[in-house]
Amino acid sequence: MCFLQNLSLPEVLVETEKRGLPFDRLLTTPEQDNWVYSDGASTSCVAFILEMYKEAGLFDPIASSIQVTEFTIKDAYTLKFFENNSSRLPAWCNNGDDVKLPYCQIKGKYRMDLPDYNTMDPYPHMNERCPTLPPDYYRPENC
């Protein structure tokens, strides 16, 4: 939406109204990974990691239809990218823990709970239409 470049919020509201674009639709427009803002490129920690996964080919052959800026932390750990055979995890992984996790928690006093870990195959336009709010980040299927 380059027509909104260098506009203040009031100017954005006026311009989108002129173009017949409701403000709520503007707010739900999926962010594109290649957008550069007035202060430069911007990304969250999880988007940075997922961009590395994307560049490494983990999203192939659908990488061009994935916008990692639309992913939450939960979306990242639910992706089916991780080892699913716990016998192949390093021996030290769950050593001394009475609960065997399906992943290695390297550090920390408290155990991480990652619901739905490693359960979701990526699909085109993933997360671009997901209504989600913390802390549960409930998402309808294939949103």
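**Salt bridges**

Guide: At 17% relative accessibility, Glu 15 counts as buried (under 20% relative accessible area; exposed is over 50%, partly exposed in between, with a 1.4 Å probe and protein chains only). This is a predicted model, in which local features need pLDDT of at least 70, side-chain atom pairs count only at pLDDT 80 or more, and totals for chains, interfaces and linings use all residues. Residues are numbered from 1 along each chain as its sequence is written, and side-chain values use heavy atoms, leaving out hydrogens and water.

Visitor: How many salt bridges does the structure hold?

Guide: A salt bridge here is a side-chain nitrogen of Lys or Arg within 4 Å of a carboxyl oxygen of Asp or Glu. By that criterion, the number in the structure is eight.

Visitor: Which residues are linked with Glu 15 in a network of salt bridges?

Guide: Glu 15 pairs with Lys 18 at 3.7 Å, N to O. Glu 15 also pairs with Arg 19, with the closest N and O atoms 2.7 Å apart. The residues linked with Glu 15 in the network are therefore Lys 18 and Arg 19.

Visitor: Is Lys 18 buried or exposed?

Guide: The relative accessibility of Lys 18 is 63%.

Visitor: What is the N to O distance in the salt bridge of Arg 111 and Asp 98?

Guide: Arg 111 is partly exposed, with a relative accessible area of 40%, while Asp 98 is exposed at 73%. Their side chains meet in a salt bridge, and the N to O distance is 3.5 Å.
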